[in-house]
Amino acid sequence: MSTATATKGTQTAARVADAVKVYGSGDTAVRALDGVSVTFPAGRFTAIMGPSGSGKSTLMHCAAGLDTLTSGAAFIGDTELSRLDDRRLTLLRRDRIGFVFQAFNLVPTLTVAENITLPMDLAGGRGDGSSGEWIDALVDVVGLRDRLHHRPSELSGGQQQRVAVARAFAGQPDVVFADEPTGNLDSRSGEEVLNLLGRAVRQMDRTVVMVTHDPVAAAHADEVVFLADGRLVDRMESPTADKVLDRMKAFDSKGAPS
Amino acid sequence: MNASVRISASSLRAHKRRFAGTFLAVLLGVAFLAGTLVMGDTLRASFDTMFGNATSGTDAVVRSANTITTPGESQGVRQPVDTDLVTAIEKAPGVAAAVPDIQGAGQLIGADGDPIGGAGPPTLAGNWIDDTKLNAYQLAEGRAPSKSGEVVVNRGAAEQGDLKIGDTTTLRTPDPVKVTIVGLATFGGEDGMAQVTYTGMTQADAEKYLTAKPGEAASILVRAGPGTGERELVDALTPVLPKGVEAITGQELAAENTDMISGQFLTLFTTFLLVFSGVALLVATFSIHNTFAIVVAQRTRENALLRALGASRRQVTASTLVEASVVAVTASAAGLAGGIGIAAGLQALFPAIGFPFPEGDLVISGLSMLLPLAVGIVVCLGSALLPAVRAGRTAPLAALRETAVDQSGASRTRAVVGTGLAALAVAITLTGVIVSPSLWLAGSGAILALAAFVVLGPVASTTAVRVLGSPLDRLRGVTGGLARRNALRSPKRTAATASALMIGVAVVSLFTVFGASLKATMDQTVARSFAGDVAVSTPSFGAGGSGLSPKLAPAIAERPEVGTAVGLGRGVAEVDGKGRALTVTDPVALERTFDLGDVQGSMRDLGTDGIAITENEADKQGLKTGDTAQLAFTDGEKETFTVRAVYGQSELAGDYVITRDAWAPHRTQDSDTLVAVSFKDGVSAADGKAAVEKAAAAYGNPEVQTRDEYAQSAAGGIDMMLTLVYALLALAVLIALLGIANTLTLAVHERTRELGLLRAVGQTRSQLRAMVRWESVLVAAFGTVGGLALGGFLGWVLVKASDGASDSAFAFAVPPVQLAVVALVGLAAGALAGWRPARRAARLDVLRAIATE
């Protein structure tokens, strides 16, 4: 499996093409994704926004190999996910993708340090020199050096999410998917986490795709894609919270489902 | 329907799987218990019918009133009656017929040259009684024996030995007698009385081969004329009988026989089984308690919500208890059905593997249904009581907190109480074993030790799992590390799960150690006191056929390779009013083939009025050489013997030795149980053994064993017993494993989100499965190691206590190979228990797992 990373903005870290996801069947069928094509360029921070039920989480799950598309294709780099069996998909997630979830990001029995290196430990690697340095730097960036041997239950919610961010970047993945990473945090902690994601992209040349419904969070991204009713409806470069909020209000005024 | 019931009903419906393990545990325990009781009743009824059949035509039995029972024997030895009495009896009013009934042991040799039966049920021989009513056997084919050498055998025995009417074979009485089969008999329509073999000969032959002298019979069977009842007949007979002879009714005899079987064999058998069903139920208690404790913990939020909404403590407690009751009642009821199935299965199985169980319909009494039902319900409800009370105590506020996983366990109180208990247990046990040997003290100590282990479990589990699991990190990387930490998560839960297995493994190791010690003792005994080269013996288990011919030893002694051959027979007499087993032998030869230790006096000239006794008995009776002791024999004779020798070691030679000449006047059927042979100098073991075998061939081919073989065969019964014990304990271990599987399933359910996270960040399915399985193995390892330690300790206690309680020395042996096998089986079983939870965990859908609240 190629671990050659796409470092230039022109390269693609992940993309979906004509993605359709249908839940259920017959009368109760719901089209969560209805023909979405979107590219997440490497080295960029992309936010996916949309009202509840717009399909933004489904899009992220399918793009990250956590869920499968009903039709269409999802790629990580050049790898088409639908061609992979469960095992290969798992290995792909482990080696090439990082995750930050809204909550419950950490294994409670492992220490902070162990949680950070979990994907690499699962791969069986003992961490060569370069990854050791990288993680060392990462620990300083997220500011958890004095917490390395604590258990997640001894950390605040914000600290836990910062550990999750460190874990997500530890393996230097092609792309990090973050699903409402600030959803459970107060605004200050949320800000810290978002700053971390932003620094990772801009200073360390990583790629982040974040699902959020919070315009303030979306404003940290380089670009925002808007989803409604399972379709890609808009894109916005260099977003600000106000611009995003206005755009979101437009959905509401059109009577989009909430 | 009130609220508690409604809540528990919906909870049961929603979480059927959670209770599957509990259900199975109760079901298995109850089934075992019910099966044991039903089988006990069925066997009792079958024996009842059997003995009823045997005496159905007999209205009264005249026999000697005295028996001598030696310690460890179920049936006393009864003096024979004089057959001359028949004439007097026939003259008594109401008597239609009276015949002597001669009973002895006679083992038939089958067509292939091997003895028939003899490994358990008796091999009987007697006089064929022509009166069809008085004879328990009925002629099915052929005719009755009419001249010497003709016999009737029961059809079952004939089939077993492939013998037909007209065949000639050998009957070991134990002197080999050439017999021709002229008839086949049935017993109550069956091919035999269970697996008992029977040979009926003419009265003259029976007197010649089965009694010490003509004119003696075991009893006289009497049939009443028309209009005379059994009781009347006995009343009419009593006046004509001499002193020391009694008459009882046929029914009384049947009842006596049944009681004897029930009292000795059946009671032992059912008690044995009940103990093991008790172990299984005890193990089940742990599993059930654990399941409910976990379920209640997992339901904290739900219960808290109920409390917040206004449910009283009582209602919350009740709803858990109602759940437990439903499981208890359905599982117990299913267990009853299972128990009946087990009994029916065993009834069909036992004859197939040669166990002597009579046939008959299953007897299902009220007690054998109600008792297991009650026990099942009590065990289940009792186990759920504490968790239910805890559920009731849930604070309404808990609804608002994160689901709390029970972290408690290693509390200081627990450690202190547990250590105290353990210290007390060891102190009491050691007192009972070393200071003042007492089985009672040792037993209480053992139970306390068990309690201490259970109390200390959660304290020990943290350290134990950490130590046992330490290789896992290295071997299995993060998967192993996660497994280890998962096992450490809730020390209380891990301990409770492991405790169930610990008890099972402890009992297994206890028996393994005890069995090995018995064998070692046997080896030691033979090595120490058997100075000969080979032994000729009959099977040590059961009635042992008809024994060895007393002519065998002299025949072997005639061989040029043989230096000494001494036969040991068995006699009984009362010494000081207590039944004692006598060793009847040639004392001079005995001294040459057995190491008797220090001998004071001389074994040389016991004569007909001398006796040799062990030091031990001599001390007990206060006898020394030159003293006299009165021996009362079964024929009512009392004789005074002089103690001519006191010897040190009793083990194989027995406690009392008299000469053949002294025993001859009082003996019944003459037989030896063991012939010990030493070769002349320079004779090789193989040559000597071949020579002995050649000599023995003419005496029905008894087995010739070297010293080692003899020691092993003497221990053969132990292996059989152990196999049975292992089979019975398999159930308890199975229940323990169900407990582990159940706990894991619940844990997997509890950790759904965490498992989803692990999968999301790259744990493969096989890594996840391995993680759950390793956790299972770790819990099992903890239980197994604890069980081995506890079982080893209890085994040592049992051996030492037995040593203290008995005269002969007990050796303590730890069988490393067997215990290693027990450990491996425990670990493998752990992996097996984790199989299904692991598969379920691996099947979790990643997304759903992450989304689970």
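Strands, helices and a chain contact

Strand β1 (residues 12–23) of chain A pairs with strand β4 (residues 71–76) of chain A in the antiparallel sense, over five bridges. Two strands count as paired if DSSP finds at least two bridges between them; helices (H or I, at least four residues) and strands (E, at least two) are DSSP runs numbered from the N terminus. The model is a predicted one: local features need pLDDT of at least 70, side-chain atom pairs count only at pLDDT 80 or more, and totals for chains, interfaces and linings use all residues. Residues are numbered from 1 along each chain as its sequence is written, while chains are lettered from A and ligands numbered from 1 in the order in which they are written.

Within this pairing, A:Ala17 has A:Ala73 of β4(A) as its bridge partner. β4(A) also pairs with strand β5 (residues 79–80) of chain A, in the antiparallel sense and over two bridges. Here A:Phe75 is bridged to A:Glu80 in β5(A). The hairpin of β4(A) and β5(A) has two residues between the strands, and A:Gly77 takes a positive phi near 60° in that hairpin.

In chain B, helix α6 (residues 230–237) has B:Leu233, B:Val234 and B:Leu237 as its buried residues. Buried means that 20 or more other C-beta atoms, placed from the backbone, lie within 10 Å of the residue's own; exposed means 12 or fewer, and partly exposed is in between. Down the axis of α6(B), the buried residues fall within an arc of 100°, so they line one face of the helix. The arc is that of the directions from the helix axis to the C-beta atoms. An α-helix has 3.6 residues a turn, so residues three or four places apart point the same way. The cover over the buried residues of α6(B) includes β1 (60–64), α3 (85–91), β5 (95–101), β15 (219–224) and β16 (245–249) of chain B; contact requires C-beta atoms, placed from the backbone, within 7 Å.

Helix α23 (residues 816–833) of chain B has 18 residues and reaches 25 Å from its first C-alpha to its last, close to the 26 Å expected at 1.5 Å a residue. That expected span is 1.5 Å times one less than the number of residues. Its buried residues are B:Leu819, B:Val822, B:Gly826, B:Ala829, B:Gly830 and B:Ala833. They cover an arc of only 105° around the axis, which puts them on the same side of α23(B). Exposed on the other side are residues including B:Pro816, B:Val817 and B:Leu824.

Note on methods. Contact = placed C-beta atoms within 7 Å.
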